[in-house]
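Morning, everyone. Please have the sequence and the model open as I talk.

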Amino acid sequence: MPQTDPAATRHRILAVVVTVVCHLLFLLLLWMLQLRSDHPSPKPTEVLVAVNVGNVASASGEVEPGGTPEPAETPSEEATPQPAPSAPAPPLPPKTTPAPPAPRPVTQPLQTQQHEESQRVEATRRAEAERQAQAKAEAARRAAEALEAARRAESQRIKGAVSGAFGKQAGQAGSQGTAASGAGNQGDPNGSPSSYALSGRKIISNGGALVSPHVQRAVEGNVRVRIIVDGSGSVIRATIAPGTNVADPSVRAAALEAARKTRFNAVPGSDEQEGSITYHFKIRA
């Protein structure tokens with residue numbers, strides 16, 4: 001009996017196995033192709049655009065817009081029966097989010113009849129207060145004017161009385177006199193010639209003459225003194241006035257002192273009166 005080669009045996013077995021495997025793979029491929037051919041792929045969905053061409057009869061077509069409905073697929077005999085659908089569950093109510101509360105509009109206070117009445121009363125009260133204030137101001141102004149008029153009238157009456165008492169008109173001075181003649185209501189023939197101007201008044205001191213200033217040195221010139229006389233006739237103020245050409249302080253002081261010592265006649269109820277006294281110095285050493 002011939003001996004077999006072990007390697008050749010293995011080669012034959014391997015060839016048989018490879019052949020069987022190839023046949024099995026080929027059969028499997030055919031089976032898969034057969035399964036695919038039984039279920040053809042669905043047709044692509046056609047997209048139709050509806051065009052409105054009018055409402056006339058000639059513009060209507062046989063097919064309504066929206067596409068041709070596809071035929072329903074018939075269930076295959078091999079398909080497994082599906083269980084009957086159960087009743088649909090009732091839909092749940094949608095959850096609604098509560099809207100935020102709307103802001104309250106700012107409302108103006110209602111104008112009631114009572115409120116309007118109070119406003120009218122307030123306006124009337126203010127108008128009355130303003131009218132009373134204006135009336136008081138007008139009355140005060142008239143009273144001030146009346147008082148001023150009365151004061152002026154009294155002053156004019158007093159001036160007229162003074163002028164009538166001495167036979168002189170207002171604003172005029174009496175006879176001043178001279179040192180040489182001694183005539184008039186003032187002046188001293190033995191002293192320094194001086195004069196004064198004071199409407200309606202006369203000197204009642206020093207025998208009706210001006211008081212002479214006491215000067216111990218030689219001086220020549222004029223010293224004019226402004227005087228203020230009250231109702232009693234006293235000189236209450238005396239100051240050096242323009243027109244003075246003597247610069248010596250001692251002479252000026254003597255003139256002021258002499259003016260203050262001079263006294264005029266009294267006029268009861270009269271206001272302060274302004275005048276002047278002029279001292280003429282001509283004293284040689």
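In what sense do S2 and S4 pair, and over how many bridges? S2 and S4 pair in the antiparallel sense, over eleven bridges. Strands count as paired if DSSP finds at least two bridges between them. One example: Gly221 stands opposite Phe281 in S4.

A word on the source. This is a predicted model, where local features need pLDDT of at least 70 and side-chain atom pairs count only at pLDDT 80 or more, while totals for chains, interfaces and linings use all residues. Residues are numbered from 1 along each chain as its sequence is written, and side-chain values use heavy atoms, with hydrogens and water left out.

Now the layout. The protein chain has three helices and four strands. Those are DSSP runs, numbered from the N terminus: helices are H or I with at least four residues, strands are E with at least two. The order along the sequence is α-α-β-β-β-α-β.

Next, S2 and S3. Five bridges join these antiparallel strands. Ile228 has Arg237 in S3 as its bridge partner. The two strands form a hairpin with five residues between them. In the turn, Gly233 has a positive phi of about 95°.

Of its 24 residues, Val225, Ile227, Phe264 and Tyr279 touch the most other members. S2, S3, H3 and S4 each give two or more residues. H3 gives the largest share, six residues. Across the protein chain, 19% of the 285 residues count as buried.

Technical notes: A nonpolar core is a set of buried Ala, Val, Leu, Ile, Met, Phe, Trp, Tyr and Cys residues joined through side-chain atoms within 4.5 Å. Buried means under 20% relative accessible area, exposed over 50%, partly exposed in between (1.4 Å probe, protein chains only).
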